[in-house]
Amino acid sequence: MSVVKVLVVVASQTGRTARMAEAVAEGAREAGAEAVVLRAEDADPSELETADAVVLGSGVHMGGMESSMRAFFERAAPLWMQGRLVGKLGAAFVSAGAGARGGAELALLGLLANLAEHGMLLVPMHNRMEGFASAGCHWGPVAWTNPRSGKAGPTEDHLAACRAHGGWVAEQAARMGAPAA
Ligand SMILES: Cc1cc2nc3c(=O)[nH]c(=O)nc-3n(C[C@H](O)[C@H](O)[C@H](O)COP(=O)(O)O)c2cc1C
C-alpha cells in the first residue's frame, strides 16, 4: 500500500477536543501516515472513502456525542448502503467535563458504534500506550476538562495519549494494507 491516509473528524464547540484531534493527527504523521483533521459540521462524508483509517473525536454532550457528529454520520448513511467503508480501520477519542461519571465511555461507544455499523475494524487503546494512566480508557483516549476535577484537560498526558493512539492506528493501517472490500 502507498502512504496510509488517516482522517480525523472532530466535533468540538470550545476547542478542547480539537486540540486532541491535532495530537492524534500528529501521532499518525510521526508514524509515517498522511493525516487530515476535519470538523464534523463541515466535513463531506465522501472524505471517508479516501481514508484508510478514520478517527472520530467529540466533546461529551449530555452523556453522548455532540449533535454535529451524529448529523455527520447521518449524512454518511448512503456510504453504508453501498458498503463503501467496509474493512477500513476506525478509532475514537473524547473530552468530558466530569471526571469518570460524565458519560465519556458511553460517548466513545457511540462513536465506535457508528464505525462498526459501516463494517469498519475497530482499534481500541491498549494499556502499554503512553498516557494510558491519565487518559486511558480501553475504548480510546479521554481528556477530563473540568478544572474542578483538578486536571483540566487536555493535559500534556492526555495529548501524549492522543499522539500515541494516532500513531498506533496508523501503524495498524499500514500493517493491514488496503481494505478487502
Ligand atoms: C451542552 C453541553 C453538554 C455537556 N454534557 C456533558 C456531559 O454529559 N458529561 C460531561 O462529562 N461533560 C459534559 N459537557 C462538558 C464537555 O464535554 C466538556 O467541556 C468538553 O471538554 C467540551 O469539549 P470541546 O471543548 O471540544 O467542545 C457538556 C458541555 C456542553 C456544552
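The paragraphs below go through the strands, the ligand site and several single residues of this predicted model. Residues are numbered from 1 along each chain as its sequence is written, and side-chain values use heavy atoms, with hydrogens and water left out. Because the model is predicted, local features need pLDDT of at least 70 and side-chain atom pairs count only at pLDDT 80 or more, while totals for chains, interfaces and linings use all residues.

Helices (H or I, at least four residues) and strands (E, at least two) are DSSP runs, numbered from the N terminus. Strand β1 covers residues 5-11, and six of its seven residues are buried; buried means under 20% relative accessible area, exposed over 50%, and partly exposed in between, with a 1.4 Å probe and protein chains only. Leu7 lies in β1 and counts as buried because its relative accessibility is 5%.

β1 has parallel pairings with two strands. Two strands pair if DSSP finds at least two bridges between them. With strand β2 (residues 34-39), β1 pairs in the parallel sense over six bridges, and Val8 has Val37 as its bridge partner in β2. With strand β3 (residues 53-59), β1 also runs parallel, joined by six bridges, and here Val9 stands opposite Leu56.

β1, helix α1 (residues 16-30) and β2 make a right-handed β-α-β unit. Right-handed here means that, with the strands pointing away from the viewer, the path from the first strand over the helix to the second runs clockwise. Glu34 lies in β2 and, with a relative accessible area of 43%, is partly exposed. Glu34 and Val3 are 31 residues apart in sequence, and their C-alpha atoms are 6.8 Å apart in space.

From β3 the pairing continues to β4. Seven bridges join β3 to β4, and the two run parallel; Ala53 is partnered by Leu89 in β4. β4 also pairs in the parallel sense with strand β5 (residues 121-122) over two bridges, where Gly90 stands opposite Leu122. Three bridges join β4 to β6, again in parallel, and Ala96 has Trp144 as its bridge partner in β6.

β4 is covered along its length: eight of its eight residues are buried. In a regular strand the side chains alternate between the two faces of the sheet. In β4, Leu89, Ala91, Phe93 and Ser95 point one way and Gly90, Ala92, Val94 and Ala96 the other, and all of them are buried.

Next comes the ligand. A residue is near a molecule if one of its heavy atoms lies within 4 Å of it. There are 17 residues around the ligand, and the closest are Ser12, Thr14, Thr17, Val60 and Gly102. A polar contact is a pair of N or O atoms within 3.5 Å; within protein, one must be able to donate a hydrogen and the other to accept it, and residues adjacent in sequence count only if both atoms are side-chain atoms. A polar side-chain atom of Thr14 lies 2.4 Å from an oxygen atom of the ligand. For a side-chain N or O atom of Ser12 the distance to a ligand oxygen is 2.5 Å, and for one of Ser95 it is 2.7 Å. Taken alone the ligand exposes 640 Å², and the protein buries 74% of that; these areas come from the Shrake-Rupley method with a 1.4 Å probe, and for residues only the protein chains shown count as cover. The elements that give two or more residues to the shell around the ligand are α1 and β4 (89-96).

Some local features remain. Met62, in the loop between β3 and α2 (67-75), has phi near 50°, a positive value in a residue other than glycine. Met62 is exposed, with a relative accessible area of 85%. The peptide bond from Gly153 to Pro154 is cis, with omega near 0°, and Pro154 sits in the loop between β6 (142-144) and α6. His158, in helix α6 (residues 156-176), counts as buried because its relative accessibility is 2%. The side chain of His158 reaches the backbone nitrogen of Thr155 at 2.9 Å.
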